Amino acid sequence: MIRFLLDSHIHTVENTDPNTTVLNYLRTTLGKTGTKEGCASGDCGACTIVLAEVVASENNTLTYTTINSCLTLLPALDGKQLITVEDLKNGDQLHPVQQTMVDEHGSQCGFCTPGFIMSLFAHYKNTASNTPYNRHKTELALGGNLCRCTGYQPIFNAAQVLANTPSKHDQFTANSARFIADLLSIRPSEQHALSNGKQRAYSPTTIDQLCDLLHLYPEARLLAGGTDLSLEITQFHKSLDTIIYLGSVEALQHISIVDDTLVIGAAASLTQCAAALSQHLPDFAELLNRFASLQIRNQATLGGNIANASPIGDSPPALIAADAYLTLRSANKSRTIALEDYFTDYKVTELTVGEFIESIHIPPQPTHSIYKIYKVSKRLDDDISAVLGAFRITLDDDKKITECRLAYGGMAAIPKRAHHTETFLVGKPWDQTTLQTAKQELSKDFSPLSDFRASAEYRALIAKNLLEKYWIESTPSFKSSATRVTDLSFNQAYSLATDVGEPAHTAAAPTQGDI
Ligand SMILES: Cc1cc2nc3c(=O)[nH]c(=O)nc-3n(C[C@H](O)[C@H](O)[C@H](O)COP(=O)(O)OP(=O)(O)OC[C@H]3O[C@@H](n4cnc5c(N)ncnc54)[C@H](O)[C@@H]3O)c2cc1C
Ligand code: FES
Ligand code: FES
């Protein structure tokens, strides 16, 4: 059984298949068809809903987060307030967000509009009254919502008008004390399950319960944010018999600093991680702005990104370059492993049956080290990497390289360090001559594949030129006005590749395939 707040009432779900997405539950079971299905894969934002939660660390206040209901399975609603587009109207009165969208002609079709409204609503609730309009923050808030016709400018106009609203009082503020009391009363404190008799989802609340469940059901699938796992259900029409949901294990969301090392619980969302990383590893926090969309970052976890073991996942190379390591846990033991040793082959890892990732550890970076990450994707926002390079070199007083970690995604079957090139670099001065030879050495490290994201030739060329970009940015003559590759789209990166002296034919157009 799970419980959540809906329409101001505590709503109970039992005897239901836990493979059900929130989108299907809303539309099919409850007949609430305001929330739309566009892609069923997290790409379009038409299905955006808002979850409100009580944050104990902020004096029990409510936070509002957008998520994609097409990727969210029912267990994830437990203990939260579900807000859909139908809930925004107060009696006969449209919510200020809805009214402003009408006034600014921000709505043209019924498909994308409910999603845009929900993203604007969360942005409105999470921004204090009279906060000056910030185009960049608005783009981040709306980056996961696609309009296929013309509509962005009127929507941004609506966001601008809303930013200038003198008071953001609405029915959610007026009723917040009651909502908080209700949410505290349904906060999951005991292990529980949702089942239809055949499919079961367990929601443990402690790490010990999680260990016991995995020991009992070693074949169970762990569900964290579900942004990868749910695709097995929505895209490949699988039904998972035993699911263990990690979102109610508070200890797995804990983020702390222990002996200068940042320790991130595996089930902390990427949005939670970004706040901690902005202090500890700012380049990584900045990269997260280009990780999928806000809806996905609010759901997806760092542990899930690592466990998924995709060769084009963004966090593994970034964490490998930072010398991160993992704690793996099972009923019988706990062990640590360097992240670079965790991946053994395409989608194969060191994780054994009954084990899970408990936490990710990022040690302090060495003094005089320079750490940077570069992501290249076809689209700037909400797109997966074609290639990602994450680099850290440490220089001595004579500007010679004493230590070096060059990690790439999209260049091999696993996220991988360029060991040949690193060995060549250590002990050399970090100058133009060294760089040019290092670029050639990279071909000994990687033989990338072609797929629909990029051709092998493109990947090989970009890998070299990202290293050159890093060299430019890490040498004293670097001009701060230079465009960072983190901010480049696929085509801009292509131009950069050909600009820095490689023959144009080597940067071939991407071809079909699979990495
Ligand atoms: C539209 C879209 C855009 C995306 N864009 C990006 C992108 O830009 N960059 C990128 O890197 N990824 C991207 N992804 C992929 C995805 O969002 C990430 O891989 C995400 O971090 C997965 O985390 P999760 O919590 O959602 O994992 P889940 O889907 O819950 O789980 C993924 C896998 O990991 C396992 N697992 C989860 N937690 C643990 C744990 N603690 N221990 C052991 N196993 C565990 C699950 O059993 C499952 O097999 C995108 C996905 C979508 C749908
Ligand atoms: S339906 Fe497209 S993101 Fe959910
Ligand atoms: S207005 Fe809905 S897709 Fe453009």
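# Chatting about helices, cores and salt bridges

Student: What covers the buried residues of helix H7?
Tutor: The cover includes strands S1 (2-6), S2 (9-13), S3 (48-55), S4 (61-68) and S5 (81-83), along with helix H6 (171-174). Contact here means heavy atoms within 4.5 Å, and buried means under 20% relative accessible area, with exposed over 50% and partly exposed in between (1.4 Å probe, protein chains only). Helices (H or I, at least four residues) and strands (E, at least two) are DSSP runs, numbered from the N terminus.

Student: What should I know about the model and its numbering?
Tutor: This is a predicted model, where local features need pLDDT of at least 70 and side-chain atom pairs count only at pLDDT 80 or more, while totals for chains, interfaces and linings use all residues. Residues are numbered from 1 along each chain as its sequence is written, chains are lettered from A and ligands numbered from 1 in the order in which they are written, and side-chain values use heavy atoms, leaving out hydrogens and water.

Student: Which residues of H7 are buried?
Tutor: In H7 (residues 176-185), they are Phe 179, Ile 180, Asp 182 and Leu 183. Their arc around the axis is only 165 degrees, so they sit on the same side of H7. That arc is taken from the directions from the helix axis to the C-beta atoms.

Student: New topic! Which residues touch the most others in the largest nonpolar core?
Tutor: Phe 284 and Ile 306, out of 45 residues. A nonpolar core is a set of buried Ala, Val, Leu, Ile, Met, Phe, Trp, Tyr and Cys residues joined through side-chain atoms within 4.5 Å. Another core lies apart from that one and has 31 residues, including Leu 62 and Phe 116.

Student: And how many salt bridges are there?
Tutor: The structure holds 20. Each is a side-chain nitrogen of Lys or Arg within 4 Å of a carboxyl oxygen of Asp or Glu. For example, Arg 329 forms one with Glu 358, with the closest N and O atoms 3.2 Å apart. That pair links distant parts of the chain, since Arg 329 is in strand S12 and Glu 358 in strand S16 (residues 356-362), 29 residues apart.

Student: Is Glu 358 buried or exposed?
Tutor: Glu 358 is buried, because its relative accessible area is 16%.

Student: What stands opposite Arg 329 in S13?
Tutor: Ser 334 does. S12 (residues 325-329) and S13 (residues 334-338) pair in the antiparallel sense over five bridges; pairing requires DSSP to find at least two bridges. A hairpin of four residues joins S12 to S13.
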